[in-house]
Amino acid sequence: MTEAASTSAPAELPRAARWLDRAGPLALRGAFAAYLLLWIALPLAALVAKGLGQGPAAAWEAISDKTALDALRLSITTGLVAAIVNGVVGTAIAWMLVRWEFPGRTAVAWLVDLPLAIPTLVAGILLVALYGPQTWLGGTLEGFGIEIVFAQPGIIMALLFVTLPFVVRTVEPILVELDPAEEEASNTLGATRFQTFTRVLLPPILPAMAAGAVQTFARCVAEFGSVAVVSGNIPRHTLTAPVWIQGEVEAGNPDGAAAVSLVLLALALVLHPLSGVLIRTAGGRRG
Amino acid sequence: MGIQVNHLVKSFGATRVVNDVTFTVNPGELVALLGPSGGGKSTILRIIAGLESSDQGEVWLDNERVDHLHTRDRRIGFVFQHYALFRHMTVADNIAFGLDVRGVPKEKQRKRVGDLLDLMGLSGLDGRLPAQLSGGQRQRVALARALAPEPRLLLLDEPFGAVDAKVREELRRWLRNLHDEFHTTSIFVTHDQEEAFAVSDRVLILNKGRVEQDAAPLDVLDHPATEFVARFVGEVNVLDAVDKDGAVFAGPLSVPVTATGAGKLHVVVRAYDLKFWHAEDGQGIATARRVVPLGDRVRVDAEIDGGVPIFAQFPRRSSLLRGVEPGARLGIEVTHARAWPAP
């Protein structure tokens, strides 16, 4: 009796708390699910519905439009070039950051991450400011017949700039875990510098390099801001897929825009899990 | 095939980690570099292998000076403390690596790898990755990998440091057997004196970058060259003593060392060079404090009158232990000791 009385009085407040204890997580999970549904799943479904709204034939027609097809092709080729170049350069930078002691290392690390913080439009304007035809450098290069801004090299440069951090940041943690003694062991066993590189160093970091390159490529195919500023958007020459989509929306052709968007979406849906698998492979080799 | 190291000097920043080190290892010998951590042992090994450059001095291998040679051209096998196996390669590929990079035909590689796997007790593990092996197995793969290209010299850096005590014991015995079979000239680094004595033909004791003593294991035990060696090897008592007209005393305890002429001395007495016994009727010069069983031996901690601690070890069933219990008065006799002038 006394026991019940003594527990029931202070139990008034905890009862509410207990209810919250049970309801809290439920509400949170519900809110979370609603959030994902509203912002990600439903828009995805809407895009698919819109893209295929006029039937698959109409969608195919929009995609196989010559300008649209060229825009897709350009996005993919420039993206591939950027992914390969940054795959190699990014790995070299990661190596430098992990293995070399030099003054200003933190500054370099900060510079590498900077493209993530800069609005991509601004990144495009930076490049125009340096390489534009009116500038000293751009003018001089043009004198030699080298066009950068408003040409394909400009697109690739913009992509390289914007995606620099991806490979560096995927390869870096793997390099940190590599034991320098493995290279020393390779040396004592008589391997040349090249053999040590290709047989001892490269294999463990290759999956991480590939994961970074896939992420880079995915981002390149989607890149809009910097490319729109730099490329000049000349149809069938420097017009990339995202910029083409933007043009179609403005020109009042939302169905065509949605159809090509579907292609980009499909690419993303393939590339995203691919990079995930590669990252797990890279990590799984540890120990 | 032997190795000679002459006047080796190496500094890291302001610290001189190797200080004028000279020694020779004869063909077929197995020598231990023994000393406390930070004594410069590993650095010497790495300089010999070419993984580190020396500031001064020479390294000769089979009458050829090798200082200018790159590691890969020295043909020295190296076993790393943490194995440094190639994590993405199978056991067989790891062992074959040193043959493969030199262009040895595949058929010959397979034969050599198979022989080494058998020899190391690793048969059937050839397809495993290093992550799927135990510590002892990894260390044996590392050893097989180092031996595969038939090196002129085998260097082992704290080879058993990363495995547990029981496996360590086994690997020691097994390394010694392996050496008796192949006679590859070998140097191994350790901070564990038991390991050095159990495995090597000769021990070099290093402290603060200098060689304190270069001798056979028994000589190091019985004739320590310096106070450092006497203190470092075995379990010892170090007592302050004085030399009074040729008789040496540590407090009330008489110590059998020959007169040194010096006034103040450090006397080093090993735990087994002492006798304690229960002293009757208030006799004795010390009081027993603790009696600790250590398996087949017993350790007795005591305090000499005047407050100086001293300890000794006895066989478990020693008749000397009769009546020796905490609080008992003890007589002490030192049967063997060494003395150095106190600084």
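Visitor: How many residues does the contact take from chain B and from chain A?
Guide: This is a predicted model, in which local features need pLDDT of at least 70, side-chain atom pairs count only at pLDDT 80 or more, and totals for chains, interfaces and linings use all residues. Residues are numbered from 1 along each chain as its sequence is written, while chains are lettered from A and ligands numbered from 1 in the order in which they are written. The contact takes 19 residues from chain B and 17 residues from chain A, where two residues are in contact if their C-beta atoms, placed from the backbone, lie within 7 Å.

Visitor: Which element gives the most to the side of chain B that touches chain A?
Guide: That is β6(B), with three residues. The elements that give two or more residues to this side are β6 (76–79) and α2 of chain B. Helices (H or I, at least four residues) and strands (E, at least two) are DSSP runs, numbered from the N terminus.

Visitor: And by class, what does that side of chain B have?
Guide: The side of chain B that touches chain A has 11 nonpolar, five polar and three charged residues. Ala, Val, Leu, Ile, Met, Phe, Trp, Tyr, Cys and Pro count as nonpolar, Asp, Glu, Lys and Arg as charged, and the others, Gly among them, as polar.

Visitor: Back to α2(B): at what angle do its axis and that of α3(B) cross?
Guide: The axes of α2 (residues 91–100) and α3 (residues 106–119), both of chain B, cross at roughly 130° and come within 9 Å. That makes α2(B) oblique to α3(B); angles under 35 degrees count as roughly parallel, over 145 as roughly antiparallel, 65 to 115 as roughly perpendicular and the rest as oblique. Axes are lines fitted to C-alpha atoms, for helices over the stretch in contact, and angles run from 0 to 180 degrees between N-to-C directions.

Visitor: Which residues meet there?
Guide: From α2(B), B:Ala92, B:Ile95, B:Ala96, B:Leu99 and B:Asp100 meet B:Gln109, B:Arg112, B:Val113 and B:Leu116 of α3(B). The residues of this contact divide into six nonpolar, one polar and two charged.

Visitor: New topic, sheets. What is the order of the open sheet that holds β15 of chain B?
Guide: The order of its five strands is β15-β19-β16-β17-β18 (chain B), with antiparallel pairing. Two strands pair if DSSP finds at least two bridges between them. β15 (274–278) and β18 (308–315) of chain B stand at the edges, each with a single partner strand, so one side of each is left without a neighbour in the sheet.

Visitor: Finally, chain A: which domains does the assignment give?
Guide: The assignment gives domain 1 (1–51) and domain 2 (56–284); such bounds come from an automatic or database domain assignment. Their centres, taken over C-alpha atoms, are separated by 42 Å. Four residues of domain 1 of chain A are in contact with six residues of domain 2 of chain A.
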